[in-house]
Amino acid sequence: MSRSPDVSLVDVDDAVMEALLALAKRDASPDEVAPPLGGPGWNPERTAWFRSYHRAAADGLNGEAAEKTWGVVSGGTLAGSVRLRRIDDGGCGTAAETGIWPGRSFRSHGIGSAALRLVLDEARHAGLARVVARTLAGNLGAQRLLAGLGCDLTHDDDGTVGAVVEL
């Protein structure tokens, strides 16, 4: 039986944001973390976007961005980031989308599952009724993680897989 990792979520202040950026630059593909801005690799446009994105999400689900990001900490080490963003669900305001990026060296250790369980707890605490996610059809690890959390998976024609969990 594998032991569950010691995982917690921390708010993203400026210090955590800079540590996340350093982690992303050394242990994740830029395309896993930021949109394709300004060309390939980590460039000034992607770096600026990364900082702006996390600053906007600092106000949380009820802030202007309607989004919250956290740093994922495992065993006292920053391992990646996870987010929760309100989405339009017909005006009810009870659904959100989540996404996660762990650094490569932190993958396949149960950290992602533990972090997403914590995010689902945050969603419940915020009064949300549904959380959705999307991944690529070829990302079997993410699909296993989402299914293991009780998500219903739907393979779409665009090469993605949608995931829904009712809270």
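This is a predicted model: local features need pLDDT of at least 70, side-chain atom pairs count only at pLDDT 80 or more; totals for chains, interfaces and linings use all residues.
The expected span of a helix is 1.5 Å times one less than its number of residues.

**Helix 4 and what follows**
- Buried residues in helix 4 include Ile-111, Gly-112, Ser-113, Ala-114, Ala-115 and Leu-116.
- Further along helix 4, Val-119, Leu-120 and Ala-123 are buried too.
- After helix 4 comes Gly-127, which has a positive phi near 85°.

**Helix 1**
- Helix 1 covers residues 14-27, and its 14 residues reach 20 Å from the first C-alpha to the last, close to the 20 Å expected at 1.5 Å a residue.
- The buried positions of helix 1 are Val-16, Met-17, Leu-20, Leu-21, Leu-23, Ala-24 and Asp-27.
- Viewed down the helix axis, these buried residues fall within an arc of 165°, so they line one face of helix 1.
- Ala-15 and Arg-26, on the other side of helix 1, are exposed.
- Where helix 1 starts, Asp-13 brings a side-chain oxygen to within 3.2 Å of the backbone nitrogen of Ala-15.

- Strand 7 (residues 160-166) is largely enclosed by the rest of the structure, because five of its seven residues are buried.
- Seven bridges pair strand 7 with strand 5 (residues 130-136) in the antiparallel sense, and Thr-135 stands opposite Val-161 in strand 7.
- Strand 6 (residues 152-155) also runs antiparallel to strand 7, joined by four bridges, with Asp-152 opposite Val-164 in strand 7.
- Four residues lie between strand 6 and strand 7 in the hairpin they form, and Gly-159 in the turn has a positive phi of about 85°.

**A buried glutamine**
- Gln-143 sits in helix 5 (residues 140-148).
- With a relative accessibility of 8%, Gln-143 counts as buried, the cut-off being under 20%.
- Leaving aside residues up to four places away in sequence, Gln-143 touches Thr-135, Leu-136, Ala-137, Gly-138, Leu-153, His-155 and Val-161.
- Two of those contacts, Thr-135 and Val-161, are the residues that stand opposite each other where Val-161 belongs to strand 7.

**Aromatic pairs**
- There are two aromatic pairs in the structure.
- Trp-42 and Phe-50 make an edge-to-face pair, because their ring centres are 6.1 Å apart and their planes stand at 80°, where over 60 degrees is the cut-off for that label.
- Phe-50 counts as buried at 1% relative accessibility, whereas Trp-42, at 21%, counts as partly exposed.
- Trp-49 and Tyr-53 form a stacked pair, because their ring centres lie 4.8 Å apart with planes at 15°.
- Those two residues, Trp-49 and Tyr-53, are four residues apart in helix 3, so about one helical turn separates them.
- An α-helix has 3.6 residues a turn, so residues three or four places apart point the same way.
- Trp-49 has 26% relative accessibility and so counts as partly exposed.

Notes:
Residues are numbered from 1 along each chain as its sequence is written. Side-chain values use heavy atoms; hydrogens and water are left out. Buried means under 20% relative accessible area, exposed over 50%, partly exposed in between (1.4 Å probe, protein chains only). The arc is that of the directions from the helix axis to the C-beta atoms. A polar contact is a pair of N or O atoms within 3.5 Å; within protein, one must be able to donate a hydrogen and the other to accept it, and residues adjacent in sequence count only if both atoms are side-chain atoms. Contact means heavy atoms within 4.5 Å. Two strands pair if DSSP finds at least two bridges between them. Rings of Phe, Tyr and Trp (its six-membered ring) pair if their centres lie within 6.5 Å; planes under 30 degrees apart count as stacked, over 60 as edge-to-face and the rest as tilted.
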